[in-house]
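Let's take a walk through this fold, starting with a pair of helices and then zooming out. Have the structure open as you read.

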Amino acid sequence: MAEIPPLPRQAFGLSAAQRTHHSAAFLAGADQYDKVRPRYPEAAVDFAVEGLTGPAADIGCGSGIFTAQLVARGLQVTAVDPSQDMLDVLAKRCADVALVRAGGESTGLPERSFELISYAQAWHWVDAHAASAEAARLLVPGGRLVLLWNQLDVQVPWVHRLARIMHAGDVHRPELAPSLGPEFTGLKQGLWHWEWTLTLGDVVELTKSRSYYRRATESTRKKVETNLHWYWCEHLGHDVDEPVAVPHLSHAWRAWRREIPGC
């Protein structure tokens, strides 16, 4: 793992209208999402939970992919998501996890209850400053906020073009830190490169799990699928059923709840 020092912020800037529009795509279709999204590398989980044994809240948990990895590390986890469909899928995977239907800006959970607040594939769906304030409220003194993403490694030119055709949104630059509120300090980053073997069918299903595709018209969806077939088979020269190692990366940030004298 290569540690990268925090650099200027400005990553993942979506307007409130964009967040509302695109995040609505995940209020249904959780089963399909769950089947095609990858787990996080164990090294990234190590980075998230290092030194922690207490309770955690996985906010924006979706279908529970990262939630299950936290549970496997022995943490007592509360899973929070605005989509009941996602929480229903999560309940099948993690029967003993407490489920809360809420957004990250206002969870309704008791203050100072968690050592860890995690956002896996979800920080760009919340108002960063409101969610930072809520995370700080929930964390015990010295508690940790962890943000993680899996994405296509768009530093590889052919993968970058694939991401653009998929409208994957995977053009976040790991060298840009996410926006956090003043409640947090000590931002530190981890970065891991890996490959995921996919066929064209896998790529199409992964595309169908993205917010752009889910919110698009039928004609736009057909165009995306046609372009993917052309790029994969004609431009890159792969057979439809040929397994291809597609470069991916995972990046994560962790920060600590800032202690304010007198609080």
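Start where two helices touch: Glu42, Val45, Ala48 and Val49 in α3 make contact with Phe66, Gln69 and Leu70 in α4. This is a predicted model, by the way.

So how do we put that packing into numbers? Two packed helices are described by the angle between their axes and the distance between the axes. For helix α3 (residues 42-49) and helix α4 (residues 65-72), the axes come within 11 Å and cross at roughly 70 degrees. Angles of 65 to 115 degrees count as roughly perpendicular, and α3 and α4 therefore sit roughly perpendicular to each other. As for handedness, α3 goes past α4 in a right-handed crossing.

Which residues of α10 are buried? They are Val224, Leu228, Tyr231, Trp232 and Cys233. Those buried residues pack against quite a list of partners: the helices α7 (157-166), α8 (200-208) and α9 (211-215), plus the strands β7 (184-198) and β8 (244-257). After α10 comes Gly237, with a positive phi near 80 degrees.

Zooming out, the protein chain has ten helices and eight strands. Of its 263 residues, 51% are buried. Take the contacts between residues at least 6 apart in sequence: 77% of them join residues at least 24 apart.

Notes
Residues numbered from 1 in each chain as written. Predicted model: local features only at pLDDT ≥ 70, side-chain atom pairs only at ≥ 80, totals over all residues. Heavy atoms only, no water. Helix = DSSP H or I, 4+ residues; strand = E, 2+ residues; numbered from the N terminus. Buried < 20%, exposed > 50% of the residue type's maximum accessible area, 1.4 Å probe, protein only. Contact = heavy atoms within 4.5 Å. Axes fitted to C-alpha atoms, helices over the stretch in contact; angles between N-to-C directions. Parallel < 35°, antiparallel > 145°, perpendicular 65-115°, else oblique. Left-handed = near helix turned anticlockwise from the far one by under 90°.
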